[in-house]
Amino acid sequence: MVRVSALRGYLLEESLAWLLRFSGYRLLVHEDQDPVELVSQGDTLRVKGRGALHQVDALGEFAFTPAFSMPVRLFLEAKFYRDRVGLEIVRNAHGVVHDVNENFMTHAGRRPRQRYQYSYALFSANGFTPDAQKYALAHQLSLVDLSGASFAWLLGTIGTTVWTLDKAQKHLGPSDPFPMTWLRTEVRKALGTAPAHLLPAVSIAEGKFKQEATAAIASFVAALQQRSDAELLLGFPAAPFILPLAADDHHAFVAYADAQPDHAVRIRRRGSGGSAEWTLSPLSAQNAYELAFKLPEHVEDWISDIAEKERGRTLEVKEQFLSAITIYRMSGGGVRAYQLRYEASSLSRA
């Protein structure tokens, strides 16, 4: 029987791939998409490293290439534990991304070869331990805390689906493994997050398990599609972390940002410490859209460390780290870039 935490993590990864569908994030699922870097072994996708092959559940390639850089690929790993994610998981992520970024050293010869800059984003439903955060900051790994109110609907949907799947797996035989590849394939087909012709042809025996699992998948996909206006935008600030920006209505954001791709924003912080959540909206039209995000917990701990300095430190973070946030988004066949600016002149009004 598969662990409930593993089921929750798999569904969270698939949900994030769907939420990132407009952020220039193309899901890689088969070696045919890159025979040089990727290896399909049975139903498992692996990425070549300098010293080993590394299994990957969700690997994305971005349609844009940052200035003075190489094309970017992102390992997306999600953990849905009841406790915080610890140092061991983050240390493993560093080992993987370091090894695959050195894979080019194993290729001899003079023939030019495409290279990629691999990055790692680790998402957690319940945050990270202090040691994990310090290690990630030192090694430029992105830790994303999904415990804020903006993702409560998503975590609740996953929890309900996993409860049903956990009950359904009791109908499997004692020696039958949980068909995780079938589950992932069915979810990706339904959500359209990967080319159907590249997904493995997986079938499972008819019976009570398949009936209940198929119904659970259908309900899960329907719940996501009912929130079709929801989107996760990746914001790149002048800081050593990324900002996953939750948009309740991406149509409203796009309508405003397309008209004013470079605009000033108002930034607010609600709550304190690890429970704090931030929102931003256009300075000149506050009701046009709203994006929500959380900052790394070690930043929040510093802000809230001394009560009488909390307001001043909040303003300092806005000015130093959030003064310019760049967002890339797919639009038709191209990529649009938006810049959200928080200017010093607006500090007294924000």
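A crossing of two helices is left-handed if the near helix is turned anticlockwise from the far one by less than a right angle, and right-handed if clockwise. Helices (H or I, at least four residues) and strands (E, at least two) are DSSP runs, numbered from the N terminus.

The model on display is predicted, so local features need pLDDT of at least 70 and side-chain atom pairs count only at pLDDT 80 or more, while totals for chains, interfaces and linings use all residues. Residues are numbered from 1 along each chain as its sequence is written, and side-chain values use heavy atoms, with hydrogens and water left out.

**First stop: helices H2 and H3**

Select residues 87–101, helix H2, together with residues 130–138, helix H3. H2 passes H3 in a right-handed crossing. Their axes (lines fitted to C-alpha atoms, for helices over the stretch in contact) are 8 Å apart and form an angle of about 20°; such angles run from 0 to 180 degrees between N-to-C directions. H2 and H3 are therefore roughly parallel to each other, given that angles under 35 degrees count as roughly parallel, over 145 as roughly antiparallel, 65 to 115 as roughly perpendicular and the rest as oblique. To display the contact (heavy atoms within 4.5 Å), show Leu87, Val90, Arg91 and His94 of H2 with Asp131, Ala132, Tyr135 and Ala136 of H3.

Next, select Gln140, which lies in the loop between H3 and strand S8 (142–145). Although Gln140 is not a glycine, its phi is positive, at about 60°. Is Gln140 buried or exposed? Its relative accessibility is 54%, so Gln140 counts as exposed; the limits are under 20% relative accessible area for buried, over 50% for exposed and partly exposed in between, with a 1.4 Å probe and protein chains only.

Select strands S2 (residues 38–41), S3 (residues 44–48) and S4 (residues 53–56). These three strands form an open sheet in the order S2-S3-S4, with antiparallel pairing; two strands pair if DSSP finds at least two bridges between them. S2 and S4 are the edge strands, each pairing on one side only. From one strand to the next, the twist averages 35°.

Begin with S2 and S3, which are joined by four bridges. Ser40 has Leu45 of S3 as its bridge partner. Two residues separate the strands of this hairpin, in which Gly42 takes a positive phi near 65°.

Move on to S3 and S4, also linked by four bridges and forming a hairpin with four residues between them. In S4, His54 is the bridge partner of Val47, and Gln55 is that of Arg46.

Now colour S3 by face. In a regular strand the side chains alternate between the two faces of the sheet. Leu45 and Val47 make up the covered face of S3, whereas Thr44, Arg46 and Lys48 make up the uncovered one.

Select helix H1 (4–19) and helix H5 (180–191). The axes of H1 and H5 are 11 Å apart, at an angle of about 25°. That makes H1 roughly parallel to H5, and H1 passes H5 in a right-handed crossing. Leu7, Tyr10, Leu11, Glu14 and Trp18 of H1 meet Met180, Leu183, Arg184, Val187, Arg188 and Leu191 of H5.

Residues that make the contact include Trp182, Leu183 and Glu186 of H5 and Phe209, Ala213 and Ile217 of H6.

Thr193 is the next selection, in the loop between H5 and H6. Because its relative accessibility is 14%, Thr193 counts as buried. Not counting residues up to four places away in sequence, Thr193 touches Glu14, Ala17, Trp18, Leu27 and Arg188.

**Final stop: the nonpolar cores**

A nonpolar core is a set of buried Ala, Val, Leu, Ile, Met, Phe, Trp, Tyr and Cys residues joined through side-chain atoms within 4.5 Å. The largest one has 55 residues, of which Leu12, Leu16, Tyr25, Phe123 and Leu183 touch the most other members. Centre the view on Leu183: beyond its neighbours within four places in sequence, Leu183 is in contact with Leu7, Leu165, Phe178 and Ile217.

The tour ends at a second, separate core of 26 residues, including Val254, Phe293, Ile325 and Tyr338.
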